[in-house]
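Tutor: Let us examine this model by asking what stands behind each term applied to it.

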Amino acid sequence: MENKVSKPVSLSVVSMSNLMGTSYANIFGKVHGGIILKKADEIAYVCACKHAGFQCVTASVDRVDFYHSINIGDVVTFEASVNLVGRSSLEIGVKVTAENLLKGERVHTNTCYFTMVALDSNGKPTEVPRLELENDNDLRRNVEAQYRRQQRLDQRFQKNTNKE
Ligand SMILES: CC(C)(COP(=O)(O)OP(=O)(O)OC[C@H]1O[C@@H](n2cnc3c(N)ncnc32)[C@H](O)[C@@H]1OP(=O)(O)O)[C@@H](O)C(=O)NCCC(=O)NCCS
């Protein structure tokens with residue numbers, strides 16, 4: 001049966017900024033990509049739990065491209081919102097930007113899409129509230145997310161078929 005409860009996108013929008021200190025450096029003196037992915041996963045988790053009202057786990061992360069390297073001393077901002085919900089899964093979009101505080105320049109370094117799955121107290125996937133789209137941006141993201149969801153389903157189907 002379809003879940004009648006719904007929540008607006010704006011209710012679970014999350015934003016977080018971090019100063020990239022020297023402990024985040026890779027061997028080239030730039031910010032380590034793994035740090036960015038870890039923080040993106042954390043904010044996706046927060047966003048998903050806020051919408052779902054349940055604990056969520058990461059089921060998958062789509063391909064991630066890094067458009068620019070990030071310098072130590074930059075402030076990196078992560079912005080997350082729910083793009084689409086299925087029955088128990090949610091696609092969370094995370095936009096990452098890096099700001100050079102002295103120059104006042106801000107660049108978009110990457111956008112990643114996480115599929116999170118809500119789990120009940122027995123650890124089983126459970127139904128999440130429907131998503132209320134509030135503006136044209138929400139609608140655009142939702143339409144694009146439907147396409148990605150279908151691609152993920154097709155890929156998983158293909159993978160399972162190849163196993164047989
Ligand atoms: C994610 C997980 C709960 C899915 O369990 P499952 O038994 O395959 O569940 P189902 O087949 O009932 O699928 C549940 C939902 O997850 C989605 N899903 C499952 N695997 C997925 C994947 N690899 N990518 C995207 N979505 C996935 C399904 O499409 C379904 O979505 P819907 O309910 O919105 O239609 C399970 O695989 C798991 O616990 N994985 C480990 C998660 C984890 O530890 N993450 C941290 C990684 S370090």
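Student: Which residues are in contact with valine 117, leaving aside its neighbours within four places in sequence?

Tutor: Cys56, Val57, Ala59, Ser88, Ser89 and Pro125 are in contact with valine 117 once those neighbours are left aside. Two residues count as in contact if their C-beta atoms, placed from the backbone, lie within 7 Å. Please note that the model is predicted: local features need pLDDT of at least 70, side-chain atom pairs count only at pLDDT 80 or more, and totals for chains, interfaces and linings use all residues. Residues are numbered from 1 along each chain as its sequence is written.

Student: Why is valine 117 called buried?

Tutor: Valine 117 has 22 other C-beta atoms within 10 Å. A residue is buried if 20 or more other C-beta atoms, placed from the backbone, lie within 10 Å of its own, exposed if 12 or fewer, and partly exposed in between. Valine 117 is therefore buried, its count being 22.

Student: Where is valine 117 found, and what stands opposite valine 57?

Tutor: Valine 117 is found in strand S6. Helices (H or I, at least four residues) and strands (E, at least two) are DSSP runs, numbered from the N terminus. Valine 57 stands opposite valine 117 in S6. S3 and S6 run antiparallel and are joined by six bridges; strands pair if DSSP finds at least two bridges between them, so S3 and S6, with six, qualify as a pair.

Student: Which residues lie around the ligand?

Tutor: The residues are Val57, Thr58, Ala59, Ser60, Gly86, Arg87, Ser88, Ser89, Thr115, Val117, Pro125 and Arg152. The criterion is a C-beta atom, placed from the backbone, within 6 Å. The elements that give two or more residues to this shell are S3 (55-61) and S6 (105-119), and S3 gives the most, with four residues.

Student: What makes S4 and S5 a pair?

Tutor: S4 (residues 75-85) and S5 (residues 89-100) are joined in the antiparallel sense by ten bridges, and they form a hairpin with three residues between them.

Student: How many residues has the largest nonpolar core?

Tutor: The core has 32 residues, and those with the most contacts inside it are Ala44, Ala48, Leu90, Ile92, Val94 and Met116. The elements that give it two or more residues are helix H1 (33-52), S4, S5 and S6. Such a core is a set of buried Ala, Val, Leu, Ile, Met, Phe, Trp, Tyr and Cys residues joined through C-beta atoms within 7 Å. In soluble globular proteins, nonpolar side chains tend to be buried together. Beyond four places in sequence, valine 94 is in contact with Ala40, Ile43, Ala44, Phe78, Ala80, Thr111, Cys112 and Phe114.

Student: Why is phenylalanine 28 called exposed?

Tutor: Phenylalanine 28 has 8 other C-beta atoms within 10 Å, so the label exposed applies. Phenylalanine 28 lies in the loop between strand S2 (14-19) and H1.

Student: What makes glutamate 144 partly exposed?

Tutor: Glutamate 144 has 15 other C-beta atoms within 10 Å and is therefore partly exposed, a count in between the two limits. Glutamate 144 lies in helix H2 (residues 136-163). Its C-alpha atom is separated by 9.2 Å from that of leucine 84, 60 residues apart along the chain.

Student: How do you know that H2 is hardly covered, and what length does H2 reach?

Tutor: Among the 28 residues of H2, the count of buried residues is one. H2 reaches 41 Å from its first C-alpha to its last, close to the 40 Å expected; the expected span is 1.5 Å times one less than the number of residues.

Student: How many helices and strands has the protein chain?

Tutor: The protein chain has two helices and seven strands, in the pattern β-β-α-β-β-β-β-β-α along the sequence. Buried residues make up 27% of its 164 residues.
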